[in-house]
Structure formats: C-alpha cells, structure tokens
Amino acid sequence: MTEHVKGKAVHIFFEAPNSFYKVLLVKIKEASFQWNEKQITVVGNFADIIEGNEYSFEGRLTKHARYGMQFQAQNYKSETLATTDGVVSYLSSDIFPGIGKKTAEHIVNVLGKNAINVLLSDEDKVETLGLSERQKGVLMQGIIENNGTEQTIIELNNLGFSSRITEDIFSRYQEKSLEVIRKDPYSLATEIRGLGFKRIDQIAQGMGILFDDQKRILGAVLTSLYEECYSNGNTYANDKLLLEKSLQLLEGARSEKVDPEKVADTIIEAGHKRKIVIEGKRIYPKSLYNSEQEIAYDLYRLMNNRDEPIEYDEDEIDRCLEDVQAEFSITYGQDQLQAIKDAIKSPVFLLTGGPGTGKTTILRGITEVYMKLNKIDRKDAKGIKLAAPTGRAAQKMANATGMDASTIHHLLGITGGNEISANDLDYLNGTLLIIDESSMVDTELMHMLLSCIPDSMQVIFCGDKNQLPSVGPGRVFADMLESMQIPSKELTHIYRQGDGSSIVKLSRSIVNGEVPSDLLEKTGDRSFIKCSGEQVCSVTKRIVQIVLKKGQSADDIQVLAPMYMGPAGINQLNRTLAPLMNPTRLNAKSVESGENEFHIGDRVLQLQNNPEKNIFNGDIGKIIAINESQKGRGTTMTVRFEGREVELEQADFLNLTLAYCMSIHKSQGSEFSIVILPMVRQYSRMYARNLLYTALTRAKLKLMLIGEPSAYANCIRAEALNRETMLKQQIVFQFTGKKAETNPQEKSVQLETKNDFADVEPSRGSIQKTILNFDNIEKIDPLIGMEGIDPYQFI
C-alpha cells in the first residue's frame, strides 16, 4: 500500500555524488500513517531539494537494519509551487532577475497556477505573455535550470527506475531523457547498462507500443546482438542465431507470436540504415565491426609507415645484452636472447609463453638493451611507456622492470563516462611502448590504444595466449598471433621454479587437454584434497587455518573459484573466510553495502573501472579506514590499492566485494604465493581448460587443489568455445590483400526465412550502400560511381 507524507525539508543529511539518491530530514505537516515524532527521515531519488521548502512524498515505511524506521519515497513533488501565492512568490524571487511580483502575477493569471509545468511542456507558451525578450530569456532559463531536472527525475521515478539507472539515464540524455523514452524506449536497452529488454518492454507496453511494432522488434534485435557479443565475447552474431534469439526475447516478454519474416526484414533494414553491419552471414554491432577493421589497419600502419627503418648493429646488440646480464646477474637462455633481439628490431612484436618461461624477465632485458642502444639515461626514459590492463598487472610490470608502469586507461587519459570518443583520448608521445597481459585487452580497448600510437613508436605486446580471453568482446592477442603477419616469438623452455615444477607440468598437460596420471598425488608445490561441493567451504577453512598456523601471512593466500552462487560459490567462501583471514574484524569499524559488510582490514576487489579514481576492474585493495557520516557526505571508505590510497564515497561501495575468494576471471594479471582452487560438479557449466589453466598459473609457490577428481578431469577435457571474431581475417587481408579462411561452421548456416540476409537484393531503383570488405571486393566494379567520367577531364 502506498503511503504519503507532506512536510518541510529541514535538512539534507546525505547526497550521493554519483546519483540522485538523498537522505532528508522532513518536519511532518501531514501523513497517511501513524507517526509519533515531529520529524521523519525520507530517502529516495530527488533532484535539487531546497531546505525550507515544502514537499509531499509518496512511498512506504521501511526499517533499515542500522538506522531504524524511515520513509522510502518512490516519488515526490514540490508543494511550494502548488498554490497561486507560492508560484507568484517563486517567479518573483532572485532566481528570475527582472521579473517582479506584478509580472509574476500576470504570468499566473495567463497560464494558471500550473504555469511552471505549462512552460516546461511547451516553451512556445512564453510568447503569449507579452514579456520583453530579456524577460522571456530569464524566465525560461530559470524554469529549465531549476525545474527541468526535478520534473525529469519525478517522471523517471514514476517509471520505477532504480537510483543508479535514473542517474545513468539522466547523465546520458539530461533534460531530454523523457523525450528519448517517449520517442523510442527501446533505445535504452543497449545504451544504459543494467537495464534489460523486459523492463523496457513493460514501459513501452504502457505507452501503447504493440507487440509487433518495428521499434520493439529492432530493440529486441539490438539487445540480442549486444548480449551475444558483450556477454559471450564474440564480435558478431550469426544471422540465424540472431533471428532465433530475437524471437525468443520478443515472445518471452509478451505471450504473442511475432512473424519471423518481420524480424528478418527489420534486421536487413537496420543494416541498410547502418545501425548494424551485415557482412555475409555475420551481423556486427557497428562499434565492434569498426574496431576490428581499425585494429588491422593500425597494425599495418605501425609495421609499414615508419619514416626510418629500425637498424641496429648486431654486434652492438650482443654487447648490450652481455652488459645487461652482468649488471643484473641474469643469464638468458638462447630463446630469450633471440626474443629480445627480435623485439628490439621490430616495429610491432608479439611475445607469448606460459608460466615460468621468463616473459617478465625478458621485458627488463628489452627495456635495458633499448636504453643502451639509444643512449637513454634511466632518468630521462620518458619516451618508454609501460602499461597493462589492470593496476595490479601494471605494478607487477613496474617491479619487474624498475620503471614506471600504468594501466592502459590511465595511459590514454580515459577518466570515466559511458562513451569515449577519439577526442577524449591522449595521443602518445614516445619511442617504445610495451603492453603486458595482452590477452586481457578486448577489441574496443585495443582499438583505442592502437589509434593513439604514432607511426614512429615501436610496440611490444606480451602475454600468455593460453589464458582466458578478455572479459570484453574479442580474442585480440590470439588473433594477432594466429594471423602470422606480425613478428612474434613463443617461449617454451621453463626457467621459473625449475624444470621440475609440478605446477608448470600440470599447466602444460591442461593446455594439451591431458589429465595427468599424478593429478591426485602430493608434490613439493602441489597437493589434492578430495571433497564434495557441500564440503568445499569447511575444507577451505581448515586449509587456511593450517597455513596461517605455519606462519604464512593471510596476504599470501588466495582462493579462486569460477562461480559466485551456491554452497561452493565465491560469496559463501568469502563469508566463511573473512573472520579467519581478518581476525580484527569483530572489533573493527564496518559499513554495509548491499549484501556485503565491509570492515577495516578487509581485502576487497574492484568490480568496475573507475578511471577518475585510477582504480580498475580486478584491482585488489585493503580497507584501511572507514570514516563516519559527515554533514552532506555520508560514510566514506579509504582503500589502499597497490600502494595508492583511494577515498571511496558510499555510491562507490557497490562496486566493491570481498576478495578472500575471487573469480578466476578477475584473477588474470595477478600472481599469489599460495592458491587454493576448488573444482566441483556445481561449476560444470563453467568447465573449460583455459579457465583451469588460468587459475593454477596464478600460483607462484604452492597450489592446493580441492574438490572432485572427476570435475577436474572433465574441466581439463572441456575445450573452450572459440569466440566468433574476424580480426585474424581482417589482419591477413590488410597485410596481404587475400582473404583468410573463415570459421568452417559459418559456411553451412542457412536462414530459414525467404529473406536470407546474405543474399538480399535491393529493390529496383533503390540505392544500395555497401561497405567495401574482403567478402565483396572481388564482386564490386573497381570503377563504381565513375560512369560518364573520362580521365581526360582531369588533365
């Protein structure tokens, strides 16, 4: 049941910095429920609340675990503007200089006491008031600035959006938010993160949009396409799959059948209008199609557009290598020496290898030899840039090379926002760029990175091709290697931990899909404890207790798991381990956020990129302070991320989780002294050998496997689904002009409608807009568009 309360806003306790969420103290004038106090705490999404003004709120009473009873407002309105006298007083206030009381009374007499809403909904009404041009400008500017936001937030509240979604919508569209929703609510599905098609469809249905309206069909198509790419890591969707997914979404949201032909026609039209890209049987989001093409172009540009070739004397390189080995007490193997030489001499170079092959050591060799060859003093090495996808990986890179390293986002000057344009990026100045953990770089980030690199800059990409691909779409590093167009070196000889390391041997078996015969045996750096999924938490707890008792620091221990939910999931493991690994927790300050309760001393994981604070998805930190609520701010938290102390506001807490156990995906780019890795049948839908390989190669010294032997065996045998991308083919085409082999499964796909996307012909008299690509280059007349033109016209 909806309740209401009316009263004066006495004080604003808290304003979230990144949303419209506020906590107010309201002096009650009237209420629809029994309340024995004169004042009440009201929480919700509000635009600019003016202390001292009167408001009415609709919502319900709720009980907060810490703060007790409060009123959760679902909507509100200003009562100050509800009466004629209130509106006159408002319009003659300092907000509207040059409009006195008589003019304000005139405005209300003409437009009524709803004058503000009338002018907001129809700005042309100001012409009926007989005001001077200056007065009209002052009036409309003041109304829009002071009421436009409020009306928008009220309407978004009416639509039932959460505070974060409301803020995201308003940040993107500002005062045009409602106009965008009224024009096409489905456009939000691919532009506002976390807002699903079904939720938007409910709003659209309330607006009278029919089940087979083309806007609705296009919304389902784009949602399905983005879901296939951004959730599954592909850069395109197969036409038949997209048709099926779109129909499932349309008919699942409303129980009405949609004609497949109409969906197919909508997809084709979207291609003609360049909302998506159709190439053969592949359908791309426009941004991913462009990114793949631009990556291929930029790699070719960097390989071939240098003003001067890279030329070093071989004997000089050898002398520099000898000096570096003597100076740092390093002995490089022959394959490592060759890798350094090849990298130094290549405009673009790819270095890959598994654990223990010395990739990190080689990076130091490359930087040191490069500085010696080019007579660069370490203090003046600003032209050498080092970067990685995460802060933790960048710190590891800096420790290994003795040079500054940053995240790729920080290197490019990306400071936040949902959309990033080329104008937002910092173009690089320098002579050498090295990117570590390159397998983690997705298609769109690689596009941004390469576009910022000048022709004269050498680039070295380093990574492990057998690890999990990036969280975002693509398998960029693997595609670059498989194209065989860019100089590369794969390291295979093991140096770290010695050739006898059972962790390294196990990782090699997994890459080959082989279940080792000694999987269950205890070795010097590895052990296996059998248990069921229900026993995972208790067994993990016992292992941690034993390790801590032997004098190991809790900071050396990391539990990794594939899934968040369930008795063996990450969430339950964190709840079990937190009191054990942070024993001061019981007496330390704490703060609640969602399902999490954070204490000083807790290890936490950042879940989303926050470039403004220079913290990124996957960064691990420790809470060192929780600061009590202060006037207008609310509780804040100080977290130390890799030596950097970052102050987080309450809205930022939602992007944190406990990190005593973390997902295998989030662990990429990190290494831990001791890794505890459960694998049970509960995780079966996540089985993939590259998942297991990534997990166990995070262990530097000790690996403790727990769970069901059959689960490990099945995971090893499970070949990861290959992501659908065309970057390899784009690179081959860019470098050679020849088409590379496409994915064999594509060739047999037939769309079961009369309109096969790959064979659609334009109607007679229509203009066909075609993007030149390697699928159609041999079919298009090279003199297209030159009819009636003679070369002699240009002489």
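Buried means under 20% relative accessible area, exposed over 50%, and partly exposed in between, using a 1.4 Å probe and protein chains only. This is a predicted model, where local features need pLDDT of at least 70, side-chain atom pairs count only at pLDDT 80 or more, and totals for chains, interfaces and linings use all residues. Residues are numbered from 1 along each chain as its sequence is written, and side-chain values use heavy atoms, leaving out hydrogens and water.

| Residue | Relative accessible area |
|---|---|
| Cys 229 | 0%, buried |
| Cys 452 | 1%, buried |
| Ala 688 | 11%, buried |

The whole structure holds zero disulfides (cysteine sulfur pairs within 2.5 Å).

Five strands build an open, parallel sheet in the order S15-S26-S25-S16-S24. Strands are DSSP runs of E, at least two residues; helices are H or I runs of at least four, and both are numbered from the N terminus. Two strands pair if DSSP finds at least two bridges between them. S15 (526–530) and S24 (661–663) are the edge strands, each pairing on one side only. S16 (557–561) runs parallel to S25 and is joined to S25 by three bridges. Ile 557 stands opposite Ile 674 in S25.

Helix H25 (709–717) lies across S15, S25 and S26. Ala 688 sits in the loop between strand S25 (672–679) and helix H24 (689–696). Ala 688 contacts Cys 715, Ala 718 and Ala 720 (heavy atoms within 4.5 Å), not counting residues up to four places away in sequence. The C-alpha atoms of Ala 688 and Cys 715 are 5.3 Å apart, though 27 residues separate them along the chain.

Key. Axes are lines fitted to C-alpha atoms, for helices over the stretch in contact, and angles run from 0 to 180 degrees between N-to-C directions.
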